[in-house]
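Here is a short briefing for a first look at this protein. Keep the sequence and the 3D view side by side as you read.

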Amino acid sequence: MPSTTHRAGFALVAGAYAATMAAGSVPTPLYVLYQRRDHFGTTMISVVFAVYVIGVISGLLFAGAHAERLRRRTILGAALAVQLVACAVFLASPALPAILAGRVLSGLSVGLLSGPATAFLIELRRRAAPQGDQRHAEVVATAANLGGLALGPLLSGVLAEWAPAPLHLPYVAIGLVLALSAVLLALVPETATPTGGPAARPLAVAPHRREQFLASCLGGLVAFAMFGLFAALSPSFVAGTLGHRSHALAGLVAFVGLGAAAVAQIGLRRLPPRQAMTAVLVGMPVGLALVVGGVWAGSLALFVLGGALTGAGAGLLFRACLTTVVQLSPPERRAGTLASLFVTSYAGLTVPVIGLGAASQLTGTRVAMAGFAVIAVAALVAVGTVRLRPEPVMELS
């Protein structure tokens with residue numbers, strides 16, 4: 001039955017999506033090892049993370065312009081291949097120039113994948129279960145994105161702590177998963193018919209809906225700024241500020257923050273939209289306050305608890321923003337419009353994280369973290385102001 005084939009394809013695409021995202025976050029607990037070996041500071045870690053985002057945005061812009069001209073499997077296959085090349089670069093040379101090159105390639109892979117994979121999952125779901133809840137695909141897409149981001153640091157942290165070759169074995173392990181995903185991708189039925197026309201404009205939203213779209217993009221930026229906090233800098237905070245040197249613990253802390261995002265958006269998927277946004281407006285500031293309190297007090301427990309609350313709020317926020325953009329964009333332009341959301345969201349991994357890293361060098365970690373929290377809450381309030389307006393047609397879960 002075609003529905004059975006599409007159902008299996010749905011699972012395989014979700015797995016490939018998660019594997020690619022995990023590969024992008026594998027270096028998270030390894031930055032401390034790179035830092036110790038090459039003697040660079042927190043600012044350089046931020047730069048290493050920033051070049052990753054340059055790759056992501058480049059991939060997103062390409063996918064946004066060409067997603068409707070290419071087959072879904074072609075784009076996903078290319079993304080998996082680029083991620084495998086990135087793993088090979090990390091394995092060939094762990095020196096700083098190779099780290100930078102590997103991060104650019106890894107980011108390019110994630111950028112190529114994010115919009116088309118989300119559109120692919122939505123299309124496969126509609127073919128597998130035409131009468132089912134179509135929001136299921138959006139939940140799974142966000143879970144694959146955030147779940148993969150969470151699993152990467154956990155995998156590499158555990159291997160770095162208790163297995164040999166900590167700067168090599170994690171890339172071998174995730175590379176095998178990526179290779180398997182690439183092979184299984186051949187079994188997934190294609191859902192897109194290439195248009196053969198000129199490159200498309202990534203943005204395809206009616207003018208009277210632009211405010212909701214822009215609010216969703218800002219919300220995505222805020223959510224990804226929280227993810228960047230845990231993916232880029234939390235290992236340094238855990239080791240340097242809180243004094244815990246375990247690589248497994250560094251990976252676990254990142255996993256808690258990012259994993260809470262995935263769990264919250266799945267577990268609370270039936271929460272009414274206004275209640276979900278209210279929960280974000282309450283929970284994320286409380287979580288950030290606990291994170292700041294943990295840094296100031298040197299308390300790992302407060303830092304982790306705050307990370308879980310902050311991550312959960314960010315997960316809910318990003319899923320709401322993703323759903324908004326899906327509903328605002330025409331089906332034939334969905335992958336390109338989603339790329340616009342992801343471009344803005346991934347910018348949240350760059351500017352705030354670089355700013356926080358630089359501010360930490362100038363003012364100290366405690367003051368920098370407090371300033372980061374204040375700016376994040378102000379941006380969150382701006383998003384909530386638009387999303388909580390009484391416009392039922394825009395209310396999304």
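What span should the 29 residues of H11 have, and how far apart are its end C-alpha atoms? At 1.5 Å a residue, H11 should span 42 Å. Its end C-alpha atoms lie 41 Å apart, which agrees. Note that this is a predicted model.

**The whole protein**
- The protein has 14 helices and 0 strands.
- Read from the N terminus, the elements run α-α-α-α-α-α-α-α-α-α-α-α-α-α.
- Of the 397 residues in the protein, 55% are buried.
- The accessible surface is about 14,400 Å². Carbon and sulfur atoms account for 71% of that surface.
- Take the contacts between residues at least 6 apart in sequence: 85% of them join residues at least 24 apart.

- H11 covers residues 300-328. This helix is mostly covered, with 21 of its 29 residues buried.
- Two packed helices are described by the angle between their axes and the distance between the axes.
- H9 takes in residues 247-267. The axes of H9 and H11 come within 6 Å and cross at roughly 35°.
- The crossing of H9 past H11 is right-handed.
- On the H9 side, the contact is made by Leu 249, Val 253, Val 256, Gly 257, Ala 260, Ala 261, Ala 264 and Gln 265.
- On the H11 side, the contact is made by Leu 300, Phe 303, Val 304, Gly 307, Ala 308, Gly 311, Ala 312, Gly 315, Leu 316 and Arg 319.
- The residues of this contact divide into 12 nonpolar, 5 polar and 1 charged.
- An α-helix has 3.6 residues a turn, so residues three or four places apart point the same way.

**Arg 319**
- Arg 319 sits in H11 and is one of the residues that touch H9.
- Is Arg 319 buried or exposed? Arg 319 counts as buried because its relative accessible area is 4%, and buried means under 20%.
- Arg 269 is 50 residues away from Arg 319 along the chain. The C-alpha atoms of the two are separated by 8.9 Å.

**His 6**
- His 6 belongs to helix H1, which runs over residues 2-25.
- With a relative accessible area of 11%, His 6 is buried too.
- Which residues does His 6 contact, leaving aside its neighbours within four places in sequence? They are Leu 124, Arg 127, Ala 128, Pro 189 and Thr 191.

Key
Residues are numbered from 1 along each chain as its sequence is written. This is a predicted model: local features need pLDDT of at least 70, side-chain atom pairs count only at pLDDT 80 or more; totals for chains, interfaces and linings use all residues. Side-chain values use heavy atoms; hydrogens and water are left out. Helices (H or I, at least four residues) and strands (E, at least two) are DSSP runs, numbered from the N terminus. Buried means under 20% relative accessible area, exposed over 50%, partly exposed in between (1.4 Å probe, protein chains only). Axes are lines fitted to C-alpha atoms, for helices over the stretch in contact, and angles run from 0 to 180 degrees between N-to-C directions. A crossing is left-handed if the near helix is turned anticlockwise from the far one by less than a right angle, and right-handed if clockwise. Contact means heavy atoms within 4.5 Å. Ala, Val, Leu, Ile, Met, Phe, Trp, Tyr, Cys and Pro count as nonpolar, Asp, Glu, Lys and Arg as charged, and the others, Gly among them, as polar. The expected span of a helix is 1.5 Å times one less than its number of residues. Accessible areas come from the Shrake-Rupley method with a 1.4 Å probe; for residues, only the protein chains shown count as cover.
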